[in-house]
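These are my notebook entries on a set of look-ups in one structure. I recorded each point as I reached it.

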Amino acid sequence: MNNNVIIGTAGHIDHGKTTLIKALSGIETDTTQEEKERGMSINLGFAYFDLPSGKRCGVVDVPGHEKFIKNMLAGVSGINLVLLLVDSREGIMPQTKEHIDILTLLGIENYIIVMTKIDLVEEEYRELVKEDIREFTKGSALENAPIIEVDSISRKGIDVLLDTIDKKTNDIEAKNIEKNARLNVDRSFQVKGFGTVVTGTLTEGSISVGDELVVYPKEVKAKVRNIQVHSQDVDKAYAGQRTAINLSNIKFDDVKRGDTLATAGSLVKTYMLDSEIKLINDDRANLELWDRVRIYVGTVEVMARVVPLGTESIKPGESGFVQLRLEEEIAVKNYDKFIIRTYSPMVTIGGGVILDASPRKHSRFNEEILEKLKVQLEGNSGDLIQNYLLSHANYIVSKKDIIKDLQLPEEEVATELDELVTGGNIFETNLGYIHKKKYDEVLEKLKKLLADYHKRYKLKVGIPKVEIISKFKLSQKEVLELIELFIKNNEVRLEGNLVAEKDFVVNYDKKQLAEKARIEKELLNGGFTPPTIKELTNGVKASLELLDSLVDNTIIRLDADLVLHRDVLTKAIEKVNEHFKNSEKMTLAEFRDITGSSRKYSMAILEYIDKLGITRRVENYRVLVKNK
């Protein structure tokens with residue numbers, strides 16, 4: 001059961017929406033002088049009433065005149081039960097049809113059809129109207145909706161309507177309050193002594209007094225000073241509630257109708273949308289390349305150009321993929337629904353769902369993109385996760401980001417990830433998950449890099465990690481994590497700090513083996529004050545090449561002319577750790593004394609140990625890095 005139900009009223013002008021709401025709630029939603037004078041709702045009115053069960057419902061009165069369809073669209077955002085009003089004297093009218101089209105395209109499934117003004121019509125005529133309604137709604141989401149006859153002035157049928165609403169709301173799925181907060185602003189105004197106030201339906205998550213939120217798309221930060229739900233101050237508002245929020249730390253000009261108040265980082269700012277669009281079966285509903293249309297998403301209206309994908313055009317009654325090039329930046333996320341109207345004259349021709357909120361410009365007939373959009377539209381959780389990993393800018397994505405961006409339950413994501421890892425579709429690392437295609441892409445490039453390197457440098461065991469990092473357009477963390485994964489999966493091997501092909505072996509001839517043994521022996525015998533590179537090689541090219549092949553394997557290069565045997569470095573680190581068991585600091589002189597080294601070598605060795613992250617220099621002494 002959903003305790004936070006928003007009910008919307010829809011229907012043709014003068015079919016009795018405002019009067020019905022007053023009969024249900026005692027609240028008149030025609031609040032402006034202009035509305036009272038003209039006798040019709042121009043802007044969104046909202047009220048609330050209590051059901052027989054004790055539940056409180058918020059209700060949005062959306063305008064019925066064609067001129068104000070834009071306001072009606074803004075009001076639909078967040079509604080989960082619609083009262084479709086039909087005047088018993090007039091029956092289904094043109095705007096009634098357009099409202100039904102819009103509500104259906106936005107995926108609203110719960111309806112009650114209310115025949116109004118029954119005291120003005122004979123029962124026999126009302127039965128004919130009822131038959132017309134049934135015929136008109138056949139095959140639509142309203143086909144099985146109950147039809148309740150009322151007269152708002154005499155209150156005839158109002159109790160029956162309340163009971164029907166009560167039963168209907170038991171079947172409506174509760175909004176997900178665990179998601180990030182999102183409120184589509186449909187009104188923004190100033191209150192003397194309080195400042196800026198925004199209203200709208202909280203479509204996702206919850207908002208508490210004191211929360212720091214962001215107004216999109218400007219990304220202006222604001223703090224929640226006060227919250228009202230149904231004209232009462234509350235500490236917290238939940239998804240599904242009609243909400244008024246007093247914001248501090250924000251100028252009135254920084255927020256307007258069409259903006260979105262949301263958790264920081266939860267929405268995507270974009271000028272383009274990859275979407276699936278469904279057109280109504282009307283001759284005016286036809287989309288071709290570069291057609292200019294009006295897009296309504298949340299409470300914002302934005303102009304856009306249409307780029308059909310995988311087809312030349314979309315015909316009346318058809319569905320198809322399109323890229324929408326927007327004329328203004330908006331803030332949305334995947335799976336938001338929207339309505340399309342023609343530029344001029346303004347006619348509702350279809351609706352759609354956002355499948356990629358931040359696409360790149362791409363070929364209209366790109367099979368890979370079309371397949372991706374199909375997966376987004378139809379895929380299960382496992383397909384969506386794979387698609388997300390493939391299309392993400394990063395190669396490795398954390399579980400936290402997967403859950404946040406896909407808005408899927410944590411347990412469901414964890415189960416799907418385990419199955420995908422077991423099935424070999426994705427790989428797990430310490431940083432997160434990578435899709436097999438991206439894994440193979442990086443591995444193929446690395447293997448080519450290694451093959452070329454081994455061919456050029458036959459005496460070198462492999463490539464230093466730092467050199468590999470520079471060859472990839474990935475973050476350093478990602479490259480290092482993938483190298484570890486490749487080693488774990490026996491794709492490549494690690495020798496010291498060098499990455500090599502798993503089967504690569506340096507083939508030294510007898511002379512080179514003898515020279516290798518001599519260099520390594522002299523470095524071991526030299527301990528903490530070994531010979532310099534110049535002393536070891538006498539500048540002989542062959543000796544220099546051989547020594548260079550041992551660096552990052554059995555030999556550590558400290559600087560341009562100083563090297564150290566790896567075993568000696570290990571002993572130096574042991575001595576450093578031993579020293580810090582009894583002291584919090586270590587000077588250069590202390591290190592020199594415990595190793596018996598020269599000042600020049602002591603300084604070079606300590607700086608290398610600093611680079612390893614074991615120690616850290618503070619002024620003229622070293623301290624042990626705690627996490628080591």
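This is a predicted model: local features need pLDDT of at least 70, side-chain atom pairs count only at pLDDT 80 or more; totals for chains, interfaces and linings use all residues.

I then turned to the largest nonpolar core, which has 29 residues. I340 is among the members that touch the most other members, together with I277, L287, I295, L324, I330 and F338. I noted the elements that give two or more residues to this core: α4, β17, β19 (292-297), β20 (300-309), β22 (319-332), β23 (337-342) and β24. The most comes from β22, which gives 5 residues.

I next examined helix α4, which covers residues 94-105. Its 12 residues reach 17 Å from the first C-alpha to the last, close to the 16 Å expected at 1.5 Å a residue. I recorded α4 as mostly covered, with 9 of its 12 residues buried. The buried residues are Q95, T96, E98, H99, I100, D101, I102, L103 and L105. After α4 comes G107, and I noted that its phi is positive, near 85 degrees.

Cavities were my next entry. The largest cavity has a volume of about 40 Å³. I listed its lining as V442, L446, I468, F472, V479, L482, I483 and F486. By class, this lining has 8 nonpolar residues, no polar residues and no charged residues. I found that α11 and α13 (476-488) each supply at least two residues of the lining, and that α13 gives the most, with 4 residues.

I also looked up the second largest pocket, which holds about 1300 Å³ of space. Its lining comprises 43 residues, and K372, N387, Y388, S391 and H392 lie nearest the centre. I noted β17 (268-279), β24 (348-356), α7 (367-378), α8 (381-391), α9 (399-406) and α11 (436-456) as the elements that give two or more residues to this lining. I recorded the classes in the pocket lining as 13 nonpolar, 15 polar and 15 charged.

My last entry concerns S206, which I located in strand β10 (residues 206-208).

Technical notes
Residues are numbered from 1 along each chain as its sequence is written. Side-chain values use heavy atoms; hydrogens and water are left out. The expected span of a helix is 1.5 Å times one less than its number of residues. Buried means under 20% relative accessible area, exposed over 50%, partly exposed in between (1.4 Å probe, protein chains only). On a 1 Å grid over the protein atoms alone, a cavity is a set of points where a 1.4 Å probe fits but cannot get out, and a pocket is an open set with protein on both sides within 12 Å along at least five of seven lines; lining residues have an atom within 4 Å of a point. Grid points are joined across faces, edges and corners, and a volume is the space filled by probe spheres set on the points. Ala, Val, Leu, Ile, Met, Phe, Trp, Tyr, Cys and Pro count as nonpolar, Asp, Glu, Lys and Arg as charged, and the others, Gly among them, as polar. A nonpolar core is a set of buried Ala, Val, Leu, Ile, Met, Phe, Trp, Tyr and Cys residues joined through side-chain atoms within 4.5 Å.
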